[in-house]
Amino acid sequence: MMIAQLITSFIASAAFGVIFNVPKNSLFQCGFVGMLGWILYFVLVENEINSIIATLSAAFIVAVISQYFAKRYKTPITIFNVSGIIPLVPGGLSYDAMKHFVGNDFYVAVQLAAKVFMLAGAIAMGLIFAEVMNQLVTKYNKRKLRLRS
Amino acid sequence: MDDRLPYNEIIDVCLLAGKIMLQNGAETSRVEDTMVRIAAAFGCGESHSFSTPTGIIFSLDGMHPASKLIRVSQRSTDLHKVTLVNSISRSISSKEMTPEEAYLRLKQIEKAGMGYPMWVQVFAAFIASGCFLIMFQGQWNDFIWSCIAGGMGFTCLLYLHWLLEVRFFAEFIASLVVGLVAMFFVQIGVGSHLDTIIIGAVMPLVPGLLITNAARDLIAGHLVSGLSKGADAGLTALAIGAGISAAFVFL
């Protein structure tokens with residue numbers, strides 16, 4: 001079960017890299033980032049942790065690793081971010097919401113739509129947290145360098 | 001500032017670099033940052049760039065006319081080009097390139113075709129659909145049907161995108177096709193779970209790049225482009241939802 005999840009999330013993220021035309025030598029990293037984010041999300045949800053928290057932490061990890069890869073391989077961060085975020089997008093839930101909207105079951109549909117918005121917000125929050133942490137770390141490192149010299 | 005600087009060439013290089021990046025899916029903040037950096041590397045310390053998803057205004061201080069505007073109407077996704085422009089900007093920053101060389105290289109990048117051939121992209125969408133089906137707790141015996149539905153949907157998207165320039169409509173039809181194909185497989189009895197098949201097959205159409213870029217732009221304080229990219233992503237999501245719903249209505 002877990003192995004199937006690992007393999008499929010890796011392939012799916014790398015395939016998304018192909019759809020977005022990322023450079024060939026970054027495809028592996030794209031798949032890796034996607035796999036890591038998805039597995040974290042999957043494990044957290046399996047252990048009955050709120051899906052919003054799970055999405056938030058997965059998005060955070062994805063963004064942190066993307067930043068690391070972007071620095072290491074000197075490429076724009078978007079390349080890794082996108083393929084990592086894609087599996088976290090609440091596709092299934094928005095589909096469910098849409099289905100209930102079409103079936104005139106607005107009561108359930110609005111509830112689901114609200115949840116979709118929360119999850120989308122969680123993704124954005126995860127990205128923001130990672131960005132903030134990145135800036136803090138760079139500032140801290142710069143200060144350390146200045147103090148040393 | 002030095003009067004002998006080739007202002008016109010510098011501004012052209014900056015605008016072309018910005019245009020290529022903006023057209024191919026870079027964040028607005030990165031575009032502005034790159035343009036200002038290139039100008040600085042060529043010796044123009046004071047430059048201002050304002051870019052939105054649909055156009056760039058760029059100006060160098062100490063030059064007449066002071067600014068230039070470029071309109072960006074065609075947008076697609078080719079992160080390979082963004083990477084290439086990024087590396088050119090790096091080598092300009094380390095003073096390895098003159099404006100003329102940079103301009104030539106950028107022109108080459110602009111003219112180059114997409115990174116991967118069409119069939120590879122369709123194949124990627126094909127495989128991705130199946131993998132997403134498994135990730136969303138689908139059955140392995142639905143794998144191939146989700147692949148086919150997703151591949152057909154994505155092919156439709158590419159074809160319609162090329163045929164007509166209304167993105168909303170292309171996405172609508174593509175997701176309609178996904179829905180209809182998935183329903184067809186369930187109707188003839190080979191596919192078992194309609195919901196998971198559709199969810200998996202629709203994933204290649206999801207505007208993931210727009211979502212992440214909108215979030216990153218908003219964080220960077222580029223409110224105009226962040227909001228408009230968010231609206232763009234919302235519109236795409238609406239098109240996908242409408243397409244799937246239309247497929248349900250047909251049934």
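How does the lining of the largest cavity divide by class into nonpolar, polar and charged residues? It has four nonpolar, two polar and two charged residues. Here Ala, Val, Leu, Ile, Met, Phe, Trp, Tyr, Cys and Pro count as nonpolar, Asp, Glu, Lys and Arg as charged, and the others, Gly among them, as polar.

The model is predicted: local features need pLDDT of at least 70, side-chain atom pairs count only at pLDDT 80 or more, and totals for chains, interfaces and linings use all residues. Residues are numbered from 1 along each chain as its sequence is written, chains are lettered from A and ligands numbered from 1 in the order in which they are written, and side-chain values use heavy atoms, with hydrogens and water left out.

## Chains

Chain A has six helices and zero strands. Its pattern along the sequence is α-α-α-α-α-α. Chain B has ten helices and three strands. Its pattern reads α-α-β-β-β-α-α-α-α-α-α-α-α. Helices (H or I, at least four residues) and strands (E, at least two) are DSSP runs, numbered from the N terminus.

| Chain | Box filled by C-alpha atoms |
|---|---|
| Chain A | roughly 65 × 35 × 30 Å |
| Chain B | roughly 75 × 30 × 30 Å |

Most residues other than glycine have a negative phi, and most peptide bonds are trans. Lys74(A) is not a glycine, yet has a positive phi of about 50 degrees. Lys74(A) sits in the loop between α3 and α4 of chain A. Gln137(B), also not a glycine, has a positive phi of about 65 degrees. Gln137(B) belongs to the loop between α5 and α6 of chain B.

## Interface

In total, 41 residues of chain A are in contact (heavy atoms within 4.5 Å) with 48 residues of chain B. The two chains bury about 3900 Å² between them, 74% of it on carbon and sulfur atoms. Buried area is the accessible area (1.4 Å probe) that two parts lose on being put together, summed over both. In chain A, the residues that lose the most area to chain B are Ile19(A), Asn21(A) and Tyr95(A), together 17% of what that side buries.

Eleven residue pairs are in polar contact across the interface, both residues at pLDDT 80 or more. A polar contact is a pair of N or O atoms within 3.5 Å; within protein, one must be able to donate a hydrogen and the other to accept it, and residues adjacent in sequence count only if both atoms are side-chain atoms. On the side of chain A that touches chain B, α1 (2-19), α2 (27-46), α4 (78-85), α5 (91-102) and α6 of chain A each supply at least two residues. The largest share, ten residues, comes from α1(A). By class, that side has 28 nonpolar, nine polar and four charged residues.

## Salt bridges

A salt bridge is a side-chain nitrogen of Lys or Arg within 4 Å of a carboxyl oxygen of Asp or Glu. There are two between chain A and chain B. Lys99(A) forms a salt bridge with Asp195(B), the closest N and O atoms being 3.0 Å apart.

Over all chains, the structure holds twelve salt bridges. Asp12(B) and Lys68(B) form a salt bridge at 2.9 Å, N to O. Asp12(B) lies in helix α1 of chain B and Lys68(B) in strand β3 (residues 67-71) of chain B, so the pair ties together parts that are 56 residues apart in sequence.

## Cavity and pocket

Rolling a probe the size of a water molecule over the atoms shows where empty space is left. On a 1 Å grid over the protein atoms alone, a cavity is a set of points where a 1.4 Å probe fits but cannot get out, and a pocket is an open set with protein on both sides within 12 Å along at least five of seven lines; lining residues have an atom within 4 Å of a point. Grid points are joined across faces, edges and corners, and a volume is the space filled by probe spheres set on the points.

The count is one cavity of 30 Å³ or more. The largest cavity holds about 30 Å³ of space. Its lining is Ala63(A), Gln67(A), Ile77(A), Asn81(A), Leu127(A), Ala130(A), Glu131(A) and Arg216(B). From chain A, α3 (51-73) and α6 (106-148) each supply at least two of the lining residues. The most comes from α6(A), with three residues.

The largest pocket has about 1400 Å³ of space. It is lined by 45 residues, and the closest to its centre are Arg75(B), Ser76(B), Thr77(B), His161(B) and Arg167(B). The largest share of the pocket lining, five residues, comes from α6(B). By class, the lining of the largest pocket has 23 nonpolar, 14 polar and eight charged residues.
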